[in-house]
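Please look through the sequence and the structure shown here before reading on. The briefing that follows is arranged by topic, and each point can be checked by finding the named residues in the view.

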Amino acid sequence: MAQQLKYGLAVVSAALAFWVVYLVATTLPLEVQGVGAYQNFYFHVGSFITAFSGFFLGLAASILYLKTGNFKYDSFAAGVNEIALLFATTGLVMGSIWARYAWGVWWAWDARLTSMLLCWLVYAGYLMLRTSVEEPSTRARLSAVLSIFGCMIVLFVYKSIDWYRTQHPSAVFGFRGGGGFGPGIMYPVLLAWGSTLCLGILLAMVRMEQAEMSREIDALRRQVHSY
Amino acid sequence: MSAALEVSGVWKYYGDFPALRDIVLQVNAGSTLALLGRNGAGKTTLLRILAGLSKPSRGSVTIEGADVRREATRRKIGVLGHGISLYEELSAAENLSLFAKLYGVANPEKRVEEMLGRTGLERVRDGLAREFSRGMRQRLAVARVFLHDPEILILDEPFTALDDRAIAVLQSLLNEMHARGRTVIMSTHQLREALELATHVAMIQRGQIVYAGERRQEMLDDTGWLYRTYGEA
Amino acid sequence: MWTIAAKDLRSEFRTREAINASLAFSITILVLFSFAFDPENPDIKIDELAGGLLWMVYSFAAALALNRTFARELQNDCLDALLAAPIPQSALFLGKTLANFALLLAIEILSLAAFGIFYHVNVLEHLASLLLVIVLGTWPMAAMGTFFSAITVNLRLRELMLPVMIYPALVPALLAAISLTGGLLHGDPLRVDDGALKILVSFDIIFTSVAVILIDFVLVG
């Protein structure tokens, strides 16, 4: 059942991705900013939305873990946060490529970029913490605390962002409505988001199963040592 | 007699591994319980849960009917773990008065001097802990545990690390505790010392209690008896 | 809470290991910065860089000092004795935070004087406001530092993990403090409606509360 779901997600993700590429290649006008750069914008946005969905799910799972002590939530948080970090990375990289053409630089110290990088660092710290604690219960507890704390930091940064100047086009879905783009791009953005989301769910599922399995292995190892 | 400490259905998991499995234990007020078991059987894990230093995954520990993590309950417990829990940069008297304050001991100065006297440390009361010999540090650690006159004393392997003089001090304090109807729970390898003091014995094996009851004469006569009877070969 | 803070400070003043090392370290960084740009060059406007420089020094020195905070409890298993004592974990946390706060403030005020002398910056013009900003910026360093020390205390890579986790968490506060300090050293008075001041104050309040709530899960599990 889970296996079929994974295959299904892979197929849907690939199909949607091809669809976006097809749309970009055939119907959408090429913007003046540059060839080959504008196109990845769709996946850039999609990646970030997937990443943030992941971080929030991770937050929810971490709170549930601390409340219930059920390790399922810990594995879920681990899988989801890790994959969200992966998508944040691809989002940053694609954004950087886009920025090279749109702004002429690979990186700009703009508030939104800086805070995204900060978010990336917070969750990179989360993964480092996970790898450096061996005992599963302690690992689950400490990383749940860090996940909650990290998410609060990221939220705080986003709240305080209005105070800093930003040159980034405002969010496509939005706080400030509309963004700097025409309505025509919404369609491929949604498709790209669907594609990355399916891929994200698939990868998170795999990672979650691995987390469950590694906990089982750890328990067996302890069992053996107790004789 | 009423139960001073009651453990009901306690499980402790490390990940998926159950380090403690359905521990049920009642320790009556005034008894001295020796907790026996091999290394890794779960003695320290259980004692840490009893002392409120760790939370059980399931089940509960109550002391005189109240949860062990409540502050009023913690005031009644004294814990001596593997480490000596002393600050190297504080003097003997400062170490003790720190804990006297944390435990809200009435008339702390007098109590601190009294415990320094009991453990033979009054001459070095202003010496820093890091300058002390091993035995002196151990006696200071013992003084710290008895400082607030706990109703329940939890000792993890008390006799393993101590030198002769510290053991003598500890034994006299324990006997005095016992005479005053206080409860003592200790885990130990040193069967003879522990069994001489104990009124009750509990044996834990791979996270489960395999024997809990009064100390019997057979145990004193032959220290291997318990392991042969209730343990595995 | 005060008992814990007093205990930590007394231990620290006996050895002065954290304060001496951090102070020497911050002076060293100040000297190194003078190689990064020429302080005698009139084209370089030091007072525009000053806020950033100062807080860089502070945050480096803080990481050095904070690594000690729970490590001291680890020696001899002191942390267990404190956790067994009938005090709430939040009092333990706040007590240690207070001690770190006092320690960091002492280091910072001394290096502020060194900074003023080395870089010809007039730190006295708005001294009261400047001290207020330093206090507001140092509190989160102490609180977050103590919180993350509690998380990392039992890890193998404790000394490495602390800076990795603490700097990203402190960035909002540091940014605000840098901007406020820069303004003050430039000669502008502190305004109550300054956005950075609001951010700094709300960061202090929000994250101290979050840390107090979460510390129970960190310390006892």
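## Aromatic residues across the chains

One aromatic cluster is made up of Phe149(A), Phe156(A), Phe93(C), Phe147(C), Phe148(C), Phe203(C) and Phe207(C). The model is a predicted one, and the points below describe what was computed from it.

**Aromatic pairs and the nonpolar core**

- Counted over all chains, the structure contains 18 aromatic pairs, and one of them joins Phe156(A) to Phe203(C) in an edge-to-face arrangement, with 5.3 Å from centre to centre and 80° between the planes.
- This pair crosses between chains, since Phe156(A) belongs to helix α5 (residues 136–159) of chain A, while Phe203(C) belongs to helix α8 (residues 195–219) of chain C.
- Both partners, Phe156(A) and Phe203(C), are buried.
- The largest nonpolar core has 191 residues, and within it the residues that touch the most other members are Phe149(A), Phe146(B), Phe147(C) and Phe148(C).
- Phe147(C), once its neighbours within four places in sequence are set aside, is in contact with Val145(A) and Phe149(A) of chain A, and also with Phe93(C), Ala211(C), Leu214(C), Ile215(C) and Val218(C) of chain C.

**Arginines over rings in chain B**

- Arg58(B) lies over the face of Trp11(B), at a distance of 4.9 Å from the ring centre.
- Arg144(B) is placed over the face of Phe99(B), and here the distance from the ring centre is 5.1 Å.

**Helix α3 of chain B**

- Helix α3 (residues 92–102) of chain B is largely enclosed by the rest of the structure, because nine of its eleven residues are buried.
- Gly104(B), which comes just after α3(B), takes a positive phi of about 65°.

**Residues in loops**

- Ser85(B) is found in the loop between β6 (77–80) and α3 of chain B, and although Ser85(B) is not a glycine, it has a positive phi of about 55°.
- Ser85(B) counts as buried, because its relative accessibility is 4% and the cut-off for a buried residue is under 20%.
- Asn76(C) sits in the loop between α3 (46–74) and α4 of chain C, and Asn76(C) likewise has a positive phi, of about 65°, although it is not a glycine.
- With a relative accessibility of 16%, Asn76(C) also counts as buried.
- Thr188(B) lies in the loop between β8 (183–187) and α8 (191–197) of chain B, and Thr188(B) is buried, with a relative accessible area of 2%.
- Not counting residues up to four places away in sequence, Thr188(B) touches Leu35(B), Leu36(B), Glu157(B), Phe159(B) and Ala194(B).
- Thr188(B) and Arg38(B) are 150 residues apart in sequence, yet their C-alpha atoms are 9.3 Å apart in space.

**Chain A as a whole**

- Chain A contains six helices and zero strands, and of its 227 residues, 48% count as buried.
- Among the contacts in chain A between residues at least 6 apart in sequence, 79% join residues that are at least 24 apart.
- The accessible surface of chain A comes to about 11,100 Å², and 70% of this surface belongs to carbon and sulfur atoms.
- Thr89(A) lies in helix α3 (residues 71–102) of chain A, where Thr89(A) counts as partly exposed at 28% relative accessibility.
- The C-alpha atoms of Thr89(A) and Ser47(A) are separated by 8.6 Å, although these residues are 42 apart along the chain.

**Confidence in chain A**

- Chain A has an average pLDDT of 81, and 82% of its residues score at least 70.
- In chain A, the confidence is lowest in helix α1 (residues 2–26), with a mean of 83, and highest in α5(A), with 91.
- Over residues 171–180 of chain A the pLDDT stays under 50, and for this stretch the model has 15 contacts beyond four places in sequence.

Note on methods. Residues are numbered from 1 along each chain as its sequence is written. Chains are lettered from A and ligands numbered from 1 in the order in which they are written. This is a predicted model: local features need pLDDT of at least 70, side-chain atom pairs count only at pLDDT 80 or more; totals for chains, interfaces and linings use all residues. Side-chain values use heavy atoms; hydrogens and water are left out. Rings of Phe, Tyr and Trp (its six-membered ring) pair if their centres lie within 6.5 Å; planes under 30 degrees apart count as stacked, over 60 as edge-to-face and the rest as tilted. Helices (H or I, at least four residues) and strands (E, at least two) are DSSP runs, numbered from the N terminus. Buried means under 20% relative accessible area, exposed over 50%, partly exposed in between (1.4 Å probe, protein chains only). A charge sits over a ring if NZ of Lys or CZ of Arg is within 6 Å of the ring centre and within 35 degrees of the ring normal. Contact means heavy atoms within 4.5 Å. pLDDT is the predictor's confidence in each residue, from 0 to 100. Accessible areas come from the Shrake-Rupley method with a 1.4 Å probe; for residues, only the protein chains shown count as cover. A nonpolar core is a set of buried Ala, Val, Leu, Ile, Met, Phe, Trp, Tyr and Cys residues joined through side-chain atoms within 4.5 Å.
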